Amino acid sequence: MSPPTTPPCASSTPASAVADVGVCLVYPDLLGTYGDGGNARILAQRLRWRGIGAEVVTVRLGDRLPATCELYVLGGGEDRPQALAAAELRRDGALSRAAEGGAAVLAVCAGVQVVGRRFLTADGIVDGAGLVDLDTVRGLPARAVGELAVDPDPGLGLPRLSGYENHAGATTLGPGVQPLGTVVRGVGNGTGHGDGFVAGRMLGTYLHGPVLARNLEVADLLLSWVVGTLPPLEQPAADAEARGLRAERLAAAVGGGARAWWRRYQRGT
Amino acid sequence: MSRAATGSRRARLAAGAGALTASLSRRLGRGEGTVIGGRVSLLVDRDALAHLGAGRTVSLVSGTNGKTTTTRLLAAALGTRGPVAINPQGSNLPPGLVAGLAAAPPGAAAALEVDEAWLGVAATALHPATVTLLNLSRDQLDRVAEVRRLAERWREVVGADAGSHVVANADDPLVAWAASAAGPDRVTWVAAGQPWTDDATGCPACGAAIRFGEAGWACSSCDLARPAPSLRVDAGALVDECGERHPLALALPGRANRSNAAMAAGTARRLGVALDEALAAMASTAAVDGRYRRAPVGGAEARLLLAKNPAGWLEVFDMLAPTPGPVVVVVNARLADGRDPSWLWDVPFERLAGRPVAASGERSRDVAVRLHYADVAHRRIPDPVEAIAALGPGPVDVAANYTALRQLDARLGRG
């Protein structure tokens, strides 16, 4: 493996220059268990397909995190690596600075817990990066594993979302933080009926899949936050396939009524 | 009556009940019937595994990838000395182990693959002479314990079982850390390679970053580092600790299978089969439970390859016919595959560009979306047999995950 290099977009490029949009994949070696690195590929590809230059900046443990990327992507991970990622982010501070400066953040699963204030691990409760007012300090009665369907907050203008969840933590949102949407099937945050969060330009969810592979509208929402109105996309086949995938998975999740009911019954929720 | 005699009688009864069930299941057309037979044996005798294993030289093989092939190669090597019990159809949970032992004559040696999470149960019951540890990486995202937890459990197993010799992959930090619990005298280190490093970037001992380089790997903080290997693969030969080269000519393709053979040969040597003799016995193994077999489909000639997780895919890229050889990617997401195929995004499918490609299987849409974002032109044909025929005529490589490969192997018949 090559030695860590300074990420290209870490050099301070003037905002006016025609620079590539930087999509920072944060610690995939710690937060990459569930294919969530795909979210970064998808964001960059949807920009390139539109003729906008984009670059995925992969930052591994031990590398310096750039504060100047336009988008940051955090994925799911195991307990101890997750705690290490949170400690590194707190120490480094670049993600907080980037978010305060208007960068968009997509946090998935463990990523949700990591950007929050505190979360539960096998070794006890540890501090998160503290970007969002949310806590994950209680465990779910049983690990949430399975298809997850979410109706997003109507204000976001998104269709019903599909993904696969796999987590054991229950997330409580602070008073000023809205959920991404309402759980139709599955568990989501596991407190009330919400999944994920939306706070400024930060969006969190328990949807894997990866979430942007199944839900291209979420990708385009994040991109519009940092590049403004998006030109139309000349990839009808790719988008049709992605929408077909979502329809298939939603039918499997929501259509499996009896089985889903039985799962909820067993969980006692 | 002594306890041993009671145990032996019960074991015979259990084996008999299992054999009867297996035979009934076969006659009813429910497949080979061996695994259900093993289940029945375990119902009759909870300790059937220990009873059936008594008096045998048992070798256990575990790891995320390569279990079935390595075990088959080891059995070929041990077969030079007499009959060898193996798992039926790669069934590597206790019923499969019981079925494999029950089908072999008493006293026959056993080469058994064991699911990563069941290694402790198997080692406790069978008191193996050797334990061969191949690799650990992400697999079946939705149900199997975290990779790191598996490494911890392996370490406990290896540390607790003082009677066995461990043959371990020095290139996989998770395996090396687990196997090092045995102490240097009880381990044969093999440089078996592990191209996939993304599950071992955090040190299993202390959590700090592991650095990978040309000379191996080492923790950036504690003293965990790649052990010096006794055996390594180099340009078509297995090189031993004296620098002597042993020709490695396999019918099986790819780097991964040369490594599997190295692990199997290291194990066989420990059990008294010389490296050259072991490798010669492995040379003719050409297909393993459908993997690597070739079958005509319409005008096409399909070659079946197992690719069930990102680490396995890295090895399969190395086995594919050169570009522009066509490739069918077949993915299911059943219980035995793991219900969550998100791992497709950890596979560098960009490398398939320039080939005719088909996305297939019960989760063909997941594959197709991944290929779109990889800018790989493809067709989505859910039925794998139709997909193979569509990419013919001529040779077509078919990379399928676990249940997809089993289904396809069965559909293509035994011709």
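This is a predicted model: local features need pLDDT of at least 70, side-chain atom pairs count only at pLDDT 80 or more; totals for chains, interfaces and linings use all residues.
Student: How do the axes of H4(B) and H9(B) cross?
Tutor: Helix H4 (residues 67-78) and helix H9 (residues 254-270) of chain B have axes that come within 8 Å and cross at roughly 45°. The two are therefore oblique to each other.

Student: And which hand is the crossing?
Tutor: H4(B) passes H9(B) in a right-handed crossing.

Student: Which residues make that contact?
Tutor: From H4(B) you have Thr69(B), Thr70(B), Leu73(B), Leu74(B), Ala77(B) and Leu78(B). The H9(B) side includes Asn257(B), Asn260(B), Met263(B) and Ala264(B). By class, the contact has 9 nonpolar, 5 polar and no charged residues.

Student: Let's take Met263(B): buried or exposed?
Tutor: Met263(B), which lies in helix H9 of chain B, has 27 other C-beta atoms within 10 Å, so it counts as buried.

Student: What is Met263(B) in contact with, leaving aside its neighbours within four places in sequence?
Tutor: Thr70(B), Thr132(B), Leu134(B), Val167(B), Asn169(B), Val190(B) and Ala192(B).

Student: New topic. How is chain B divided into domains?
Tutor: Domain 1 covers 3-282 and domain 2 covers 295-411. Their centres, taken over C-alpha atoms, are separated by 28 Å.

Student: How many residues does the contact take from each domain?
Tutor: There are 16 residues from domain 1 of chain B and 14 residues from domain 2 of chain B. The domain 1 side has 5 nonpolar, 6 polar and 5 charged residues.

Terms used:
Residues are numbered from 1 along each chain as its sequence is written. Chains are lettered from A and ligands numbered from 1 in the order in which they are written. Axes are lines fitted to C-alpha atoms, for helices over the stretch in contact, and angles run from 0 to 180 degrees between N-to-C directions. Helices (H or I, at least four residues) and strands (E, at least two) are DSSP runs, numbered from the N terminus. Angles under 35 degrees count as roughly parallel, over 145 as roughly antiparallel, 65 to 115 as roughly perpendicular and the rest as oblique. A crossing is left-handed if the near helix is turned anticlockwise from the far one by less than a right angle, and right-handed if clockwise. Two residues are in contact if their C-beta atoms, placed from the backbone, lie within 7 Å. Ala, Val, Leu, Ile, Met, Phe, Trp, Tyr, Cys and Pro count as nonpolar, Asp, Glu, Lys and Arg as charged, and the others, Gly among them, as polar. Domain bounds come from an automatic or database domain assignment. A residue is buried if 20 or more other C-beta atoms lie within 10 Å of its own, exposed if 12 or fewer, and partly exposed in between; C-beta atoms are placed from the backbone.
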